[in-house]
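Trainee: I'd like to learn how to read a model like this one. Can we go through it together?

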Amino acid sequence: MLMTQRARGFTFPQLAAGFVATLIGYASSAAIVFQAASAAGATTDLIGGWFTMLGVAMGISSLGLSLWYRQPILTAWSTPGAAMLATSLDGVTLPQTIGIFLFANALIVLCGITGLFARLMKIIPQEIAAAMLAGILLRFGLEAFAALQIDLTLCGAMCAGWVLARRLLPRYAIIITLLTGLAVVLLRGDLHVTQPLATLRWPTLTMPEFTLASLLGVGLPYFLVTMASQNAPGIATLQAHGYSASVSSLISWTGLIALLLSPFGGFSVCIAAITAAICMGDEVHPDKQQRWRASAIAGLFYLLAGLFGGAVGLLLTSLPPVLIETLAGLALIGTLTGSIQRALQHEERRDAAIITFLVTASGITLGGIGAAFWGLAAGVLVWGITSLRSQR
């Protein structure tokens, strides 16, 4: 009887897991989303509205999908996608950026409805997709350490905090890195908040604009990065823990929510992987059928965080740029490492992968189309030629 009562209510481990998953989701990549929004030309008020909408989007999707499937389904924004946007939106206007969001999310919905997700991932080898992502992320890693010559104290303290945390508390490494940076900033008096943090920032509708160059140069690579580097690991994490929710249904629902909210800054809603795993462990609940409550609680925390989206945006704009650059770079080291490892895992595809990586990292723009597209195109071309030679 006691076990039945406990199964019906929320336990402290479930509450703690939901809170930690939300906290890590924001702390680990909010700086990257901020950089993407800034690259798109968003103002401080608009960035706050974007964070509000993202919190609402992830709250609704995490809570709704967890309740419906009774499985720990947690959603997140696409961190790799945000990183790609931060490096690829040079010369792209804000309306064109919204058009890119709509285009990519419409493709995601199409993949979900038609069941093309698995087949699409087989068309382009994962090594090439991983190499493209690695080329995109390289700039973040370089900027994290280039900041040492700008502000040695702040950047050095954050790097030291990250290294120690990776050794002692790896799950909380980015949170500790952020707290270290904030401590240095506060001690030096470098935090300049011009407005009350409690000020609400309501999402603002931005009408989209579609251009072929932006859709091909940014929209298509953004779609591929989101699917290959965010949704695919998220689905794999669910399946690895023994959960079997419909893949097509999850992709359709998350893509549809993002599509509807794109004009307000909700650029992506994806299946979470790393933060979702926090809600799936044995420490959350001994019965795996009860762990969905942790992700549902995380959804409630995301909704609460959405109300303070303006505070998140205002705080990030009030911090020194070195802190944002260092935090973003360190947060993406794990993703960069995994991407390089996947890109080079098969010898017969290494030439194509390294060409993809180098062209993407070069930052070239040809015909108004950005480097991510040309890196992908070059990699596929080299892969096709080498594959034909191997068959012969």
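Trainee: Where in the chain is confidence lowest, and where is it highest?

Mentor: Helix H1 (residues 2-8) is lowest, at a mean pLDDT of 42, while helix H5 (residues 94-114) is highest, at 93. Over residues 1-7 the pLDDT is below 50, and that stretch has three contacts in the model beyond near neighbours in sequence. Where pLDDT is low, the predicted coordinates should not be read in detail. For the chain, the mean pLDDT is 84, with 91% of residues at 70 or more.

Trainee: Is Thr-97 buried or exposed?

Mentor: Buried means under 20% relative accessible area. Thr-97 comes out at 0%, so this residue counts as buried. Thr-97 sits in helix H5, and leaving aside neighbours within four places in sequence, its contacts are Ala-40, Leu-89 and Val-92.

Trainee: What should the 15 residues of helix H11 span?

Mentor: Take 1.5 Å times one less than the number of residues. For helix H11 (residues 247-261) that gives 21 Å, and the end C-alpha atoms are 21 Å apart, so the two agree. The buried residues of H11 include Leu-250, Ile-251, Ile-257 and Leu-261.

Notes:
Residues are numbered from 1 along each chain as its sequence is written. This is a predicted model: local features need pLDDT of at least 70, side-chain atom pairs count only at pLDDT 80 or more; totals for chains, interfaces and linings use all residues. Side-chain values use heavy atoms; hydrogens and water are left out. pLDDT is the predictor's confidence in each residue, from 0 to 100. Helices (H or I, at least four residues) and strands (E, at least two) are DSSP runs, numbered from the N terminus. Contact means heavy atoms within 4.5 Å. Buried means under 20% relative accessible area, exposed over 50%, partly exposed in between (1.4 Å probe, protein chains only).
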